[in-house]
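Keep the structure open beside the text.

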Amino acid sequence: KLWRRDLSWQTVDARHATVADLLETPVLFISGSQGLKLAAEQKQRLKEYVNQGGFLLAEACNGSGCDGAAFDKGFRALLKELFPESELRKLPPDHPVWYAQETVNPQHLPQDPDFWLWGLDTCCRTGVIYCPRSLSCYWEVAHPYRDPNLQQPLKNEVESVLRIGGNIVAYATNR
């Protein structure tokens, strides 16, 4: 709504997508609870995608009854393998992803010590953002047809996580 335009998404089959295919989208979202099983050529395409200006957003489906420990371990290992010169770091509160479009109040984030955004700098920017807890579960709760009777603390969490999503897309697209 803030952008006054429709946005779309699509599912990409990583087994067959070329770097050119991946570059058609400004943000590639990877989510899971299982370990990652990528072939060497898939890993190389992900690296090329990010190095050519693509932006990778990933989350472990973790928390709220889901166990994403295998995904978390595998994704962190993947980043070390693909970008050995960079390190995944906890994004500080002054990183633009916290305010690129709308300010996120950290007090309204889920009260889980692992709920934070981590980033990996590639070239001259943060090219990868990772959350070890599920963002998309909150996005689903925010769907307009969901329960309108959510308690205020949960509404605050949902609103903050929605803002994070908007901020990530704004940051990734230089909006």
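This is a predicted model: local features need pLDDT of at least 70, side-chain atom pairs count only at pLDDT 80 or more; totals for chains, interfaces and linings use all residues.

Residues are numbered from 1 along each chain as its sequence is written, and side-chain values use heavy atoms, with hydrogens and water left out.

Start with strand β2 (55-60). Helices (H or I, at least four residues) and strands (E, at least two) are DSSP runs, numbered from the N terminus. Six of the six residues of β2 are buried. Here buried means under 20% relative accessible area, exposed means over 50%, and partly exposed lies in between (1.4 Å probe, protein chains only). Both faces of β2 are covered. Phe 55, Leu 57 and Glu 59 lie on one side, and Leu 56, Ala 58 and Ala 60 lie on the other. β2 also pairs with β1 in the parallel sense, over six bridges. Two strands pair if DSSP finds at least two bridges between them. Ser 31 stands opposite Glu 59 in β2.

Now look at the cores. In soluble globular proteins, nonpolar side chains tend to be buried together. A nonpolar core is a set of buried Ala, Val, Leu, Ile, Met, Phe, Trp, Tyr and Cys residues joined through side-chain atoms within 4.5 Å. The largest one has 21 residues. Those with the most contacts inside it include Phe 55, Trp 98, Ile 129 and Ile 168. β2, β5 and α5 (152-172) each supply at least two residues of this core. The largest share, six residues, comes from α5. A second, separate core has 20 residues, including Leu 46, Ala 60, Phe 71 and Tyr 130.

Contact means heavy atoms within 4.5 Å. Thr 126 sits in strand β5 (residues 125-131). Thr 126 has a relative accessible area of 3%, so it counts as buried. Its side chain makes a polar contact with the side chain of Asp 121 (2.7 Å). A polar contact is a pair of N or O atoms within 3.5 Å; within protein, one must be able to donate a hydrogen and the other to accept it, and residues adjacent in sequence count only if both atoms are side-chain atoms. Among the other residues that Thr 126 touches are Phe 55, Arg 89, His 95 and Tyr 171.

Turn next to helix α3 (residues 69-82). Its 14 residues reach 20 Å from the first C-alpha to the last, close to the 20 Å expected at 1.5 Å a residue. The expected span is 1.5 Å times one less than the number of residues. Phe 71, Asp 72, Phe 75, Leu 78, Leu 79 and Leu 82 are the buried residues of α3. Seen down the axis, they fall within an arc of 130°, so they line one face of the helix. The arc is that of the directions from the helix axis to the C-beta atoms. The buried residues of α3 pack against β1 (27-32), α2 (40-51), β2, β4 (118-122) and β5. Exposed Lys 73 and Lys 80 are on the face turned away from the buried side.

Finish with two backbone details. Cys 123 has a positive phi of about 55° although it is not a glycine. Cys 123 lies in the loop between β4 and β5, and is exposed at 67% relative accessibility. Asn 174, in the segment after α5, also has a positive phi of about 55°. Asn 174 is exposed at 73% relative accessibility.

Conventions:
Lists of a residue's contacts leave out its neighbours within four places in sequence.
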